[in-house]
Amino acid sequence: MNNLRLEVENEIAVLTISRPGALNALNSETLDELNTVLTEIEARDDVKVVILTGGPDKKDNPYKSFVAGADIAEMVNFSAAEARAFGMRASVPFFKLMNMRQVTIAAVNGFALGGGCEIAMACDIRIAAENATFAQPETGLGIIPGFGGTQRLARLVGMGRAKELIFTCDNIDANEAYRIGLVNKVVAKEELMETAKAMAAKIISKGSYAVSVAKAAINNGYDMDIQNAVEMEANLFGITCSTHDKQEGMSAFLERRAANLTDF
Ligand code: CO8
């Protein structure tokens, strides 16, 4: 991989987008590498949580940029057909981040602009360093957010705030992103990775299969009517009741001992 680094430790995969000369902007090669590596990770039983972050810039500053958007130099001469294909090239790995059985956490270590904000929004959870900056600057470039931003931002922060951010291209800081519900947590930049890893470890300590089924229930039910969504939840609840972990988890509670949850 030219633009991604993968490190796996303690069932946590840290996936770092690394294009130091372009503040980790997403080009076609990076999107293809992302798709390949997420497909590989999804098949691994030794990875329960994926933390996505950005590598240092060319001056080796680790807190400059998460992802400064889609690669403008690549997009500048796109035809309509090429632009659509580029959008779909991102859509596939972004949906993997959203729907893969592993939990995905964006550790936002600086600029999360345009496609950078959009890839963070495709993750299950976002933790921001206090210096992080979020924006959807696309309309200022004469385009619209095309990696899911018009849809995921409205779902996360509500339609009014999403419209304001997309129409004005305003930058917002990490605390404002937290206030409007765009990020789950804001921490000192030096504590970003340890906070993300601590949250990952807490999630891994729960029933991993149950967590992945809960993720599917939340994702699948979100756009359904409440009646069908709750019925779908009941079906998935039934499936979790057929597992080793359910027997072990409930028995351990009744026997006043720690549970040994192993399903994934
Ligand atoms: N694409 C390509 N190169 C970039 C990008 C980018 N998005 N962002 C930064 N770079 C490059 C710069 O060109 C520069 O390269 P070089 O050193 O060779 O000149 C290098 O990274 C460093 O950047 P700066 O010198 O500009 O660094 P500053 O600290 O002065 O500024 C900023 C940092 C504010 C982040 C500035 O770089 C900036 O504004 N970047 C662009 C941000 C932006 O507009 N992002 C949105 C892009 S559009 C998008 O993401 C659309 C997504 C959906 C596409 C759907 C297609 C179908």
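Which residue forms a salt bridge with Arg179? The partner is Glu176, and the closest N and O atoms of the two are 2.9 Å apart. A salt bridge here is a side-chain nitrogen of Lys or Arg within 4 Å of a carboxyl oxygen of Asp or Glu. Before we go further, please keep in mind that this is a predicted model, in which local features need pLDDT of at least 70, side-chain atom pairs count only at pLDDT 80 or more, and totals for chains, interfaces and linings use all residues. Residues are numbered from 1 along each chain as its sequence is written, and side-chain values use heavy atoms, with hydrogens and water left out.

Back to the pair. Glu176 and Arg179 are three residues apart in helix α7 (residues 174–179), so about one helical turn separates them. Helices (H or I, at least four residues) and strands (E, at least two) are DSSP runs, numbered from the N terminus. An α-helix has 3.6 residues a turn, so residues three or four places apart point the same way. Glu176 is partly exposed, with a relative accessible area of 26%, while Arg179 is exposed at 55%. In these terms, buried means under 20% relative accessible area, exposed over 50%, and partly exposed in between (1.4 Å probe, protein chains only).

By this rule the count comes to 10 salt bridges. Some of them reach across the sequence. Lys48 pairs with Glu11, with closest N and O atoms 3.0 Å apart. That pair links distant parts of the chain, 37 residues apart: Lys48 sits in the loop between α1 (28–42) and β3 (49–54), and Glu11 in the loop between β1 (4–9) and β2 (12–17). Lys48 is buried, at 14% relative accessible area, whereas Glu11 is partly exposed, at 29%.

Asp45 and Arg101 also meet through their side chains in a salt bridge (2.8 Å, N to O). Asp45 lies in the loop between α1 and β3 and Arg101 in the loop between α3 and β5 (103–108), so the pair ties together parts that are 56 residues apart in sequence. Asp45 is exposed, with 53% relative accessible area, and Arg101 counts as partly exposed at 23%.

Now turn to the interior. A nonpolar core is a set of buried Ala, Val, Leu, Ile, Met, Phe, Trp, Tyr and Cys residues joined through side-chain atoms within 4.5 Å. The largest has 45 residues, of which Ile119, Phe134 and Leu182 touch the most other members. Not counting residues up to four places away in sequence, Leu182 touches several residues, including Phe134, Leu153 and Val157; contact means heavy atoms within 4.5 Å. Apart from this core lies another, of 17 residues, with Ala107, Ile125, Ala129 and Leu192 among them.

Leu153 and Val157 bring us to helix α5 (149–157), whose buried residues are Gly149, Arg152, Leu153 and Val157. They cover an arc of only 105° around the axis, which puts them on the same side of α5; the arc is that of the directions from the helix axis to the C-beta atoms. These buried residues pack against α3 (80–99), α4 (115–122) and α6 (159–168). After α5 comes Gly158, with a positive phi near 95°.

One last stop is Asn27, in the loop between β2 and α1. Asn27 counts as buried, at 11% relative accessibility. Leaving aside neighbours within four places in sequence, Asn27 is in contact with Asn3, Arg19, Asp71, Glu74 and Phe86.
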